[in-house]
Amino acid sequence: MCSTAAASVIDPASRTAIRHSRARRVGIRRSYGIDRKHSVREGIIRFRRDAESGMTTLQDKTMVIIGAGSGIGRRIADDATALGAQVISVGRPEVDLADEGTVHALAERVGELDYLVSLAADHANGAVTELEHDAVHRAFDAKVIGPILLGKHFAPRFRTGGAILLFSGVAAWRPTPGRAVMATTNAAAAALAEALAVELAPVRVNAISPGIVDSGVWDGPGKEAFFQTVADRNPARRVGTAADISSAALLALTNPFLTGATLHVDGGGRLA
């Protein structure tokens, strides 16, 4: 893309070069479907659906978000709503992923939908020698068994172009003592996205693996020092934000050629 300054260098005595440069910028915006007025809103690029780009708009799409009470969940709901989606946010006790009856009831109530996002989690942290069976089971209900039940009851209800998004996490790739269950359930969620992408096709299924994100979870004493340590180690040299995860989530939901993938939105944390 030529800038106005570049055009002036090419022909400083002529306004024609500047006009051509401006026209080219407008043409590029149109060809990629980028609305200049709203080209970037809190990290989101507004795309226009057309035959050439194949991009999908969220306008008038129905999105169900399980676990929207989290900072990341609320951000996804807010961003999707701002882009025209009809968002249905649910959590406990309305739906409990350990209770198949509530999952079925939610599917019946929602009816047809376009997108389903599950951020449900139930952590069972601690030394393996001290873990309780029920806590481990609840962790797998939230991250693995529950999403399987979501696929079971919602799969027949997706409209053309529908997609499911699961949440994994960087612990799957960087396990630490006391986080064995978290590492295992996150890894299972990523594997499940691949399996469901094959079994539920053409419904697309992807996962996101966030790193350390300033979403409210880490609020409390020592937060700033911890975040600084993470930022110093991460290749991105910062911690994530809810907006970082939301923009990746909307990409995973709306890109029609993306399925069976895990998007690592971790600032390179799994490599550090």
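In the predicted model, Asp79 and Arg75 form a salt bridge in which the closest N and O atoms are 2.9 Å apart. The two residues are separated by about one helical turn, because they stand four residues apart in helix H3. Side chains of opposite charge can pair when their charged atoms come close. The structure as a whole holds twelve salt bridges, of which the contact between Asp79 and Arg75 is one.

The strands were examined next. An open sheet is built from six strands, with parallel pairing and the order S2-S1-S3-S4-S5-S8. Strand S2 (86-90) and strand S8 (262-265) form the edges, each pairing on one side only. From one strand to the next, the twist averages 20 degrees. Strands of a sheet pair through backbone hydrogen bonds, in either a parallel or an antiparallel manner. Between strand S1 (residues 62-66) and S2, which run parallel, there are five bridges. Within this pair of strands, Met63 stands opposite Val87 of S2.

Two helices were found to lie across parts of the sheet. Helix H4 (residues 100-110) lies across S1, S2 and strand S3 (113-118), and its direction makes an angle of about 160 degrees with S2. Helix H6 lies across S4, strand S5 (204-210) and S8, and runs at about 160 degrees to S5.

The peptide bond from Arg92 to Pro93 is cis, and its omega is near 0 degrees; Pro93 belongs to the loop between S2 and H4. A cis peptide bond also joins Ala201 to Pro202, with omega of about 15 degrees. Pro202 is placed in the loop between H6 and S5. In the loop between helix H2 (16-31) and S1 lies Asp60, a residue other than glycine whose phi is positive, near 65 degrees.

The largest pocket contains about 1,100 Å³ of space. Its lining comprises 33 residues, and those nearest the pocket centre are His123, Met182, Gly211, Ile212 and Trp218. At least two lining residues are supplied by each of helix H3 (71-82), H6 and helix H7 (223-233), with H7 giving the most, three residues. By class, the lining of this largest pocket divides into 15 nonpolar, 13 polar and five charged residues.

Two cavities of 30 Å³ or more were found in a search of the whole structure. The largest cavity has a volume of about 70 Å³. Residues from Ala121 through His123 to Asn125 take part in its lining, which consists of Ala121, Asp122, His123, Ala124, Asn125, Ala139, Lys143, Val181, Met182, Thr185 and Asn186. Helix H5 (133-154) and helix H6 (180-199) are the elements that give two or more residues to this lining. The greatest contribution to the largest cavity, four residues, is that of H6. Five of the lining residues of the largest cavity are nonpolar, four are polar and two are charged. His123 and Met182 line the largest cavity and are also among the residues nearest the centre of the largest pocket.

The second largest cavity has a volume of about 40 Å³. Ser118, Ala120, Ala142, Lys143, Pro147, Leu166, Phe167 and Ala189 form its lining. Two or more of these residues come from each of H5 and strand S4 (158-167), and H5 provides the largest share, three residues. The lining of the second largest cavity is made up of six nonpolar residues, one polar residue and one charged residue. Lys143 contributes to the lining of both cavities.

Methods. Residues numbered from 1 in each chain as written. Predicted model: local features only at pLDDT ≥ 70, side-chain atom pairs only at ≥ 80, totals over all residues. Heavy atoms only, no water. 1 Å grid on protein atoms, 1.4 Å probe; cavity = no way out; pocket = protein on both sides within 12 Å on 5 of 7 lines; lining within 4 Å. Points joined across faces, edges and corners; volume = space filled by probe spheres on them. Nonpolar A, V, L, I, M, F, W, Y, C, P; charged D, E, K, R; others polar. Pairing = 2+ DSSP bridges. Axes fitted to C-alpha atoms, helices over the stretch in contact; angles between N-to-C directions. Contact = heavy atoms within 4.5 Å. Salt bridge = Lys/Arg side-chain N within 4 Å of Asp/Glu carboxyl O.
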